[in-house]
Every structure is written in C-alpha cells, then in structure tokens.
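I opened a new notebook page for this structure. These entries record what I looked up, topic by topic.

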Amino acid sequence: MELLAVNTLNGISYGMLLFLIASGLALVFGVMGVLNLAHGAFYMLGAYLGIIATRAGGNWLLGLLAAGVGIALVGLAVDRGLLRHLYRQTNEQVLLTVGLIYILINVVRWLWAAPNIWTQSAPSTLSGVVSMLGIPFPVYRLVLILVGVAVFIGLWLLLEKTRAGAIVRAGMDDKQMVMGLGVNYGLVSSAVFVLGSAMGGLAGFLGTPILGATADMGTSTLLLAVVVTIVGGVGSVQGTLVGGLLIGLVDGLGKAYFPFYAMFIPYIVMIIILLVRPSGLLGKAQ
Amino acid sequence: MAMLIVVALAAACTSPAPTTSPQPSASPSASPTAALAPIKVGALFDMTGMGASWGAMMKQATEFAFNEAGGQVAGRKIQLIIEDTGTDPTIAVDKARKLLELDKVDVIIGPVWTNETEALYSFIQPYGVPFIHATSVCAPRLNDPQKYNMVFAIGATEWSRGYSTADYAYDKLGYRTASVIIHDYAGGWVPFEAFAQRFEEKGGKIVQIQPVPFGVTDWSPFILNLKQADMLFLGVTGAPQFLHQYKQLGGKFPLAFIGYEWMPLADKQDAGDDALGMITSGEWSSLINTPENNAFIASYQKAVGRVPDCWDESSYTVVKIILGAINSTKGDTSSKALIDALYKITVDTPRGKLSFDPGGWAKHSQYVFKYVKSDSLVTLEPLAEHPINHPAKVTWSYSTWQSKGTGT
C-alpha cells in the first residue's frame, strides 16, 4: 500500500511536468490555431541551455533564467522570422515547425553529441529526500508538484483576471471578432507564442533532475504533450492540468506495475477518452 | 482534432528506408597495380545518437593507432573511411552498403551496439569482407560461427560476462538472491540470460526481473519497485542517470553492472561517487599493471592528453590486429587472405599477445572489476582474472522463470 502511494505521488510529479510542457503547447494552439511541433525541440533546447548555464555559472537559478529567457528569444525569432510569413496558412506553419524539430535536434547533436544523456542534479537546497510512509522520496519531485500548482494558478489568473487574458480567451473563441474590435491580434499571438515557448524551455530544464537531457527527448515528450492536450481538451488550462495529471499517473503506475505495456498505456487512455468525449475531458465541444 | 491525431501519429511513426538484398561484389585481389593502391579501411562508428559518447573516442583512438603506424603497412598507404551510424541499425546497414559497394573497402571496423551488429552481421555476410569489432559478439555469430567466419570480435561474449559476474557474485561475494533491472533489448537480455543460468545453476535465486523499455530516463518507478535481494543486477545504458537516482532513493543493494563498455570515460566521471563499489566484468582497464599496457597508456597520454579508457584501448587493439594481418599477408588485402591471416596471427597488444580461436573469438583474459577512484578519476580495479568462458548454449528463458512463479 505504501508503495502504491509513493508510485502515485511519483506519477503526480511527472504529471505536473507534463502539464508544464503541454500548457505552452495548448496556449499557442488555442490562440493561433497552430500546433507548434517545434515545442518539443524548445523543451529539449531549454534543458541543454539551462544545464550549460548552470555548469558555467555554478548556479541553478542561472540555468532557470537561461532556459526561460533563452527559449523566449528563440520563440520570438521563430515567430517573427518564420511564422509571420505564413500568416493564415496554419497547415504550412505546422509543417514548418516539423522542419524546425529536425534542424534543432541535429544542431544539438552536432554541438553536444557526447555524452548521450546529460545529467543534472537538483539544486542543493532541494536535493534531499523525505520519508513518505517509510519510503525515501526526493524533495525535488514534491517541489515540482508545487511549481506546477503555482504555474497553473498564475496562468489561470492571467487568463481569467486580466484584460490581456480576456483578449486571449476571446481570441480562442472567435479570432475574427476580436480583430474586428480593433485588437492587434498579431501582437497577441506573438506574445502568446513567446510565453508558450518560454514555458516549454523552462519545463525542459526543470525536468532535467528527473529525465536528464538528450537530443531526442523532445520528440518523445512532444508526443506525450500532444496526448495531454488532446485528453485535457484544447483551449482549457484546467483541462491541460487534468490531462497532465491523468497521463502522468497512468504512465508512472504503468511503468511500476505493467512495465511491458507501459509505453502503450497513455495512448490507449487517449483513444478511450476520445471515443467517449471527442473534445477532451474539459475541452469545448466543437 | 482529427489533424492533431494525424500529426501526432505521423510524429510517432518512423519508416526505415526499404533495403534491397545485397549484390556481393568481388573483393580486390592482389595484383602488381593493386599493391600500390591504398588499403581502404572502413569504420562504422556511433558518432551521434545514444552511442555518441563512445563513437568519438573510437574515432580518436583508431586514428591514433593508424598514425602511430605511420599511416601505412606492408608498403601501402592506409585510407581510413569513417561513417556515422547514428546508433541506428538501419543507418548502419546503409553506411555499410556505401563502404562495401562505393568505397570497396578491404576490411570493416564495426560499431558496438547489439542491435546494429545483429543487422550488420547478416548484411555483410554475403560480401565476405572481414568485419572486426571491439566488443562482444551477439547471438547470430554465436549460433552459426561457420556462416559468420568473417566476423571477429575482441571482447568476451556477452554470455561470458554474464557467467563470470554470476560466478564472482555467488562464490566470492556470497550473494544468493538477485533483483534485476535491464533494458528490454538484446544487449540487456543476452548477458542477463547467461548470468541467470549460471546463478541458478550454482543455487542462487532471481527474485525479480524488471525489463525497462528503451528510452526511459526516469528510473524511479523501477527503483521504488525493487524487491529485497542480496544484489541488483543492472544492464542499462545511460547508467549515470540511473545511478544518481538509485543513490538518491536509498541505493538499497550492491550493484553488479553488466555494461562494462557502456560507461565510457565521460559517463564514468558523470556517475562519479555514485558508481563506486559497483562490480562489472570486462577485458581491460588502465589499472592492469603489465609492461605492454603501461607503455600503451603512456604513449596515448602523451599523444592525446588523457588516460585511455576501454573504448580507446579496444579500438587501438583492433587496429593493431588489422595491421598485423596485412603485414602477415605482405599487403594482400583480398578477403580470403585477410581472413586466413586473422585466424593464424598473434599480435602484441595492450592486452598482451592476442590471437583468435577457430570460432573468431580473441583469446585473452577476462576480469571482474570494481569501480574505484584513482587519481580522482573513476576507473576499474581488477579483482579477479580468468579465461573467457564461452558456454555451448544458454538455455535460460524468461517465460520458464515466470511460470515457476518467482516473477512479478
């Protein structure tokens, strides 16, 4: 029973990480209608930039800054430099982001191929273990849960309680009407893209004490982030949180109790949910 | 929503390029003109992907070895053609096709991942070109040595490593029960099956086996799930990540790690103190105190600027063997001449005098090592030396073990 409780907590902490990754993806998709598949590569790049900055400066917070700000700048460059030239061509924009994945992965392989997995410890203040029902559990994973909750509250407040958030939500419902009311929707989209990218980069670095960093980590995590977005429902931060927690739990418990099938279980769950609720658990019906 | 699903599925799918059956081409035979032509050595190294840590070292050591020989042998210059396999069997076969059909190489130095070598053995076999690689052989070679007589390997077999680990764990360390975490692919299963067979033969018991899908880097569910045992048998790549998490979560049992060559230099240092005390089975370390080994270490340090690791030494030894074979054929690089020579020669290497037995396995010692720190470098201390033990067959099976009711 203690083991089940600890495995559940483990799944929740992984689920929070998935929420952090997926929320950036879901925001961009909701506002721009673009599924930014390069988000996985931003996540990967954030991990590497964060580790490099931490090792160079000897400070974990420096790594966090590098991951967030660095990937925000990358997002800005991609949005202003590439995506805006395909205005209103959402299919082409998605294909462009696929190309970006391959470019970024191969650049990282070229620059930082060895060792294959870069390990990164949690900062010393967060690196101990606590005893959960007699089983040692890393403090960092508990902190990740708190960070996830804080980000969720922050996003919710931004979207529900600010004017900017109201514009974003209105744009998710009816972009044309928002533009008709004189809002500079291009600016809103860019701001959301930059925010979403930064969140992906931060998630990448925050995940390194658990997952390490590899050049290929973006593609496998991207897939799970897409599953989380689908399961939770597009256009809903609450949905992304619920989706993240569900997939994190299913993945963690699957690995603990059904290791042979663990890789398939999240996708089976996605299929079942889509059959029952095609718009996702908390998504708006289409 | 439909587009999301289509795109997600497309991102998940990989489709290897279709391959056609190889059309073997005759290898160049010795002739007065060919004697002046350069000898072409093809090398398939994992320069990117999961094997990148050791691909770079293999390239460095291979180039060092050829440079040490002056870039020539038996009056002919050597042309080294290195291709990157991306640690991917499909790419490895494509690159092998390029080396054999376009470059027409005389010999191929192979990569080291089991999934790659399994694909390559079958691909190269019709060409008959000698294929030599710096680590242990896997199942196809073991099961049909006559068909694969062009394949040479200078490591112990994976079986032998598993066997010797079981012997040492049971006899010297007194372990009677083992829990197991391995990556769910040939490189994890093949050495483990030999370990399990030997451990159970001696009277030990495997209490739990957790085969982990490739690509997992968060080990906590598997570590938390460990059942009580005297030791944990570990057979995973990306070991430093595992070791850090294992120690953080209590590090309950002593570790026996079957990945002797899976922890190249950078990974050993990354693992740091969390690797110390772990035992493993392999063929070489910089702490083996022999004149030939010490001479190699000194000259490598002088030329490259660091103490060599197992990947440096094994790649260097492979080149010494190739040079020895070409010297003995006096520059004849036809496949038949080279293969005959490889079975006959004895070569001076950092491992001592090395020759191949009729099965194509190198005859040299094997060791059980312990991870230690020496001059602030994590390295391997030899604990016990013994000959390489090639069992006739390994019959242990996971399904039989599960049906006995000891499984999870």
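**Strand pairing in chain B.** Before reading residues across from each other, I need one rule: two strands pair if DSSP finds at least two bridges between them. I also note that this is a predicted model. With that settled, I looked up Val180(B), and it stands opposite Ile209(B) in E8(B). Strand E7 of chain B covers residues 177-183. Seven bridges join E7(B) to strand E8 (residues 205-212) of chain B. The two strands run parallel. Is E7(B) mostly covered or mostly open? I find it mostly covered, with six of its seven residues buried.

**A three-stranded sheet.** I then turned to E12, E13 and E14 of chain B. They form an open sheet in that order, E12-E13-E14, and the pairing is antiparallel. E12 and strand E14 (362-363) of chain B stand at the edges. Each has a single partner strand, so one side of each is left without a neighbour in the sheet. I counted two bridges between E13(B) and E14(B). Across that pair, Phe356(B) stands opposite Ala362(B) in E14(B).

**Chain B overall.** I logged 15 helices and 16 strands for chain B. The chain has 408 residues, and buried residues make up 58% of them. I also checked how far its contacts reach along the sequence. Among contacts between residues at least 6 apart, 67% join residues at least 24 apart.

**Salt bridges.** The count over all chains comes to 21 salt bridges. I looked at three of those in chain B.

Entry one is Asp167(B) with Arg198(B). The closest N and O atoms of this salt bridge are 2.8 Å apart. The pair links distant parts of the chain, 31 residues apart. Asp167(B) sits in helix H7 (residues 158-172) of chain B, and Arg198(B) in helix H8 (residues 186-202) of chain B. Arg198(B) has 21% relative accessibility, so I count this residue as partly exposed. The cut-off for buried is under 20%.

Entry two is Glu313(B) with Arg351(B). Their salt bridge also has its closest N and O atoms 2.8 Å apart. Glu313(B) lies in helix H13 (residues 310-328) of chain B. Arg351(B) lies in the loop between strand E12 (347-349) and strand E13 (352-356) of chain B. The two residues are 38 apart in sequence, so the pair ties together separate parts of the chain. Are these two residues buried or exposed? Both Glu313(B) and Arg351(B) are buried.

Asp340(B) is partly exposed, at 31% relative accessibility. Lys336(B) is exposed, with a relative accessible area of 61%.

I also noted a network. Salt bridges that share partners join Asp167(B), Asp171(B), Arg198(B), Glu201(B) and Lys202(B).

**Between the chains.** Next I went to the interface. I found 36 residues of chain B in contact with 41 residues of chain A. The area buried between them is about 3400 Å². Carbon and sulfur atoms give 67% of that area. How many salt bridges are there between chain B and chain A? The count is one. Arg141(A) forms it with Asp218(B), and the closest N and O atoms are 2.8 Å apart. I also logged seven residue pairs in polar contact between the chains.

Which elements of chain B give two or more residues to the side that touches chain A? They are helices H1 (2-12), H3 (52-68), H9 (220-224), H10 (239-248) and H11 (265-271) of chain B. H1(B) gives the most, with six residues. That side of chain B divides into 20 nonpolar, 12 polar and four charged residues.

**One glycine in chain A.** Gly171(A) is buried, with a relative accessible area of 5%. Leaving out residues up to four places away in sequence, Gly171(A) touches Val178(A) and Tyr185(A). Gly171(A) and Met32(A) are 139 residues apart in sequence. Their C-alpha atoms are 8.5 Å apart in space.

Definitions and conventions: Residues are numbered from 1 along each chain as its sequence is written. Chains are lettered from A and ligands numbered from 1 in the order in which they are written. This is a predicted model: local features need pLDDT of at least 70, side-chain atom pairs count only at pLDDT 80 or more; totals for chains, interfaces and linings use all residues. Side-chain values use heavy atoms; hydrogens and water are left out. Contact means heavy atoms within 4.5 Å. Buried area is the accessible area (1.4 Å probe) that two parts lose on being put together, summed over both. A salt bridge is a side-chain nitrogen of Lys or Arg within 4 Å of a carboxyl oxygen of Asp or Glu. A polar contact is a pair of N or O atoms within 3.5 Å; within protein, one must be able to donate a hydrogen and the other to accept it, and residues adjacent in sequence count only if both atoms are side-chain atoms. Helices (H or I, at least four residues) and strands (E, at least two) are DSSP runs, numbered from the N terminus. Ala, Val, Leu, Ile, Met, Phe, Trp, Tyr, Cys and Pro count as nonpolar, Asp, Glu, Lys and Arg as charged, and the others, Gly among them, as polar. Buried means under 20% relative accessible area, exposed over 50%, partly exposed in between (1.4 Å probe, protein chains only).
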